[in-house]
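Hi,

Here is the two-chain model I promised to pass on.

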Amino acid sequence: MTLFYLFGAVAVIASLLVIAQRNPIYSVLLLIAAFGALSGLYVLLDAPFVAVIQIIVYAGAIMVLFLFVVMLLNAPHEETEHDEKVHPLRRPGPMRFGAALAVALVVELLWALTRDGGEPAAFEAPAVSSVRTIGHVLFTDYAFAFEVTSLLIIAAMVGAVVLAKRDSHSGGASAPPM
Amino acid sequence: MPTLNDYLILSAILFAIGTAGVFVRRNLITILLSIEIMLNAVNLSFVAFGRSLGSPNGQIIVFFVMTVAAAEAAVGLAIVIGLFRHRESLNPDSFTSLKW
């Protein structure tokens, strides 16, 4: 229970700081910390496979991609001149709406989760944590979805290359075709 | 021992933080990061439900969600790079050409 609170507090605080930072680099680094805490929570949930791919894929690959882009774009700071002067409650509509929506969402979900009087118990079902079981189910029941996933990755890769490619007639130093 | 409800409440809080980030921030990269927070909140509830039901399906769905998140991050960041080349800005308010 202590570990749950520790990891949960780290995840929540780091996530809050992610959306409170002005500098995107700090946001990315704090999000990596939040993902580390989530990985700890997955270990507590007897899901070591998910915990490991959370670190390797999310923190190791996706966040590094973000970090690359932030540094590539020279980390422009958010335009703060009008944000700083305006009281948070008087900012333009979407911001107020978003903050109110988030508060409403939390209240609603907490209410829904605590309303039922049934006493919550610790997990009684046996844990399914072996990678062998997961791999077996993944390659039998979910084999088609797994194969479609590879198509998705190909499409995303080609799309990212096409989108990020410089126009050949505007920039002389375009990357050579791969 | 933490119960299923504890995990779901934590997941709800993280999801709400992500929602707030999408609406409150004026930076495309931070908005994408907030979307990642929301995806991870959902992953946490999937794993918690799978643990509660004693089923491996929760962890497998997390695998697929992570794949989609990776694809989304790659394409989204490519779009961000393209937008930044056009306007030298990451503020979503400066991309309003399609606004009617």
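**Where the helices of the two chains meet**

The axes of α1(A) and α1(B) come within 9 Å of one another and cross at roughly 5°. (Axes here are lines fitted to C-alpha atoms, for helices over the stretch in contact, with angles from 0 to 180 degrees between N-to-C directions.) That makes α1(A) roughly parallel to α1(B), given that angles under 35 degrees count as roughly parallel, over 145 as roughly antiparallel, 65 to 115 as roughly perpendicular and the rest as oblique. On the α1(A) side, the residues making this contact include Phe4(A), Val12(A) and Ile19(A), and among those from α1(B) are Asp6(B), Leu10(B) and Val24(B). Contact means that the C-beta atoms of two residues, placed from the backbone, lie within 7 Å. By class, the residues of this α1(A)–α1(B) contact are 12 nonpolar, 3 polar and 1 charged. For the classes, Ala, Val, Leu, Ile, Met, Phe, Trp, Tyr, Cys and Pro are nonpolar, Asp, Glu, Lys and Arg are charged, and the others, Gly among them, are polar.

Before you go further: this is a predicted model, in which local features need pLDDT of at least 70 and side-chain atom pairs count only at pLDDT 80 or more, while totals for chains, interfaces and linings use all residues. Residues are numbered from 1 along each chain as its sequence is written, and chains are lettered from A and ligands numbered from 1 in the order in which they are written.

Which way does α3(A) run relative to α2(B)? The two axes come within 12 Å and cross at roughly 175°, and that makes α3(A) roughly antiparallel to α2(B). The residues of this contact are 7 nonpolar, with no polar and no charged ones. From α3(A) come Val50(A), Phe66(A), Val69(A) and Val70(A), which meet Ile29(B), Leu33(B) and Val47(B) of α2(B).

Taken as a whole, the contact between the chains uses 70 residues from chain A and 62 residues from chain B. On the chain A side, α5(A) gives the largest share, 12 residues. That side has 60 nonpolar, 7 polar and 3 charged residues.

**Chain A on its own**

Chain A has 7 helices and 0 strands (DSSP runs numbered from the N terminus: H or I of at least four residues for helices, E of at least two for strands). Buried residues make up 20% of its 178 residues; buried means 20 or more other C-beta atoms within 10 Å of the residue's own, exposed 12 or fewer, and partly exposed in between, with C-beta atoms placed from the backbone. The domain assignment, an automatic or database one, gives domain 1 (1-77) and domain 2 (130-169 + 174-178). Their centres, taken over C-alpha atoms, are 23 Å apart.

One residue I followed up is Ala164(A), in helix α7 (residues 143-164). Ala164(A) counts as partly exposed because it has 19 C-beta neighbours inside 10 Å. Beyond its neighbours within four places in sequence, Ala164(A) is in contact with Ala78(B), Ile81(B) and Gly82(B).

**Confidence**

The model scores ipTM 0.90 and pTM 0.84. Chain B averages a pLDDT (the predictor's confidence in each residue, from 0 to 100) of 88, and 99% of its residues score at least 70.

Cheers
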